[in-house]
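Colleague: Could we go through the packing of this model together?

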Amino acid sequence: MSAYRPETRAVHLPQPPVEGSRPIAVPLYQTSGFVFDDPAVMADAMSRPDGSFVYGRYGNPTVRSLEEAVADLEGGAAAIATGSGMGAISTVLLGLLKPGDHLIAQQALYGGTAAMINELAARFGIEVGFVPENDPDALRAAVRPETRLVYLETIANPMGRVADLPGMCAAARELGVPVAVDNTFATPMLCRPIEHGADIVLHSTTKYLSGHTDVVGGLAVFADDALHRKTWHFAIELGASADPFAAWLTLRGLQTLALRMERHCANTRLLATRLAEHPAVAAVHWPGLPSHPSYELAGKLLPDFGGVLAFDLTGGRAAGERFMRSVRLALLAPSLGGVETLVLHPATTSHRALPAEELARHGIGEGTVRIAVGIEHPEDLWADIEQALT
Ligand SMILES: *Cc1c(COP(=O)(O)O)cnc(C)c1O
């Protein structure tokens, strides 16, 4: 390098080879592109998702480590990591559907997904039908010759309804329609939808997979290589690709996913049980409670029931607002799946624009509070919630 002037040497940094050993942790390849010695290898890399790395939007070794790790945990063939959960959902919906196609989705959907589906219907001429998440006969009745996709969520937000994945996937298979499942709330530690017949599994890795409230990211896992390859070609055009640093943080979170999920579920069980006995609480919505409409199905499908619960305060909207002002340890914030406990009162925050009847259509009452339960000591959490209730 000494033949070059300082201006040039400062640009072309030394990269010492790592030989005879290798890093323990997955390295962060924070680079937007890759250098080639052979133009033929470069051309090959640009044409397929499993070749050499060429450009960050097409692939990156840190991002591929995350894709392979989650594809493996979900029992899929391959995955595409994206810049957000909505990036994964929009990549799959836009990649698989065209004008005139018909999509069948479950009624209770994540808000962003519901908005995206309405947009597809209004602006792109995609027909949409809605069915309950646990009714394979309703799915059979809703299918048309143009139906191209069935869209489900393992555990829906915020009321915790659980989809009948085996029944719905079997019905879709008879009809020859692929199924996509948003598995964000369950994670592969509680449910692996591909084992129940799903073709695509979607994640907001923002939530439990990264788990530390410091990343926005998403991921789509494909049961089959052909569907992955087809969607990959579209994904690089759409440009929803994941950033390597976000992927690196998510890999770090993923290593403790099993331990965190155990604690999230155990803490939620304790809070759900105590809330159900509290006089200020009219109802608790968590599929691990016998009073929940999905209890029986959830017991067959899941080993435990996740870290999100909702409950209705007897005092309605005013009580909900008071509860939000009174919590000290739990934080008033959006999102879920991180180590910290977060609370949300939809009627005065995320859904404040909706009148009571519209809220009710989303299954949300004026006094409904959602808790995304963290991994703190459960007695500290209960003490905080109990003082905020009184
Ligand atoms: C958060 C969330 C999404 C959207 O993910 P982002 O990372 O916020 O884009 C999709 N589905 C579910 C179930 C979610 O909780």
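Colleague: What are the ground rules?

Modeller: Residues are numbered from 1 along each chain as its sequence is written, and side-chain values use heavy atoms, without hydrogens or water. As the model is predicted, local features need pLDDT of at least 70 and side-chain atom pairs count only at pLDDT 80 or more, while totals for chains, interfaces and linings use all residues.

Colleague: Which residues have the most contacts inside the largest nonpolar core?

Modeller: They are Leu 275, Leu 309, Phe 311, Phe 323, Ile 371 and Leu 389, in a core of 73 residues. Such a core is a set of buried Ala, Val, Leu, Ile, Met, Phe, Trp, Tyr and Cys residues joined through side-chain atoms within 4.5 Å; buried means under 20% relative accessible area with a 1.4 Å probe, protein chains only.

Colleague: And which helix gives the largest share of this core?

Modeller: Helix α11 does, with six residues; helices are DSSP runs of H or I, at least four residues, numbered from the N terminus.

Colleague: Turning to α15, which of its residues are buried?

Modeller: Pro 378, Leu 381, Trp 382, Asp 384, Ile 385, Ala 388 and Leu 389 are. They lie on the same side of α15, because their arc around the axis, taken from the directions to the C-beta atoms, is only 160°.

Colleague: What covers them?

Modeller: The cover includes α11 (257-276) and α13 (316-326).

Colleague: Is Thr 187 buried or exposed?

Modeller: Thr 187 is buried, at 0% relative accessibility, and lies in helix α8 (residues 187-190).

Definitions and conventions: Buried means under 20% relative accessible area, exposed over 50%, partly exposed in between (1.4 Å probe, protein chains only). Helices (H or I, at least four residues) and strands (E, at least two) are DSSP runs, numbered from the N terminus. Contact means heavy atoms within 4.5 Å.
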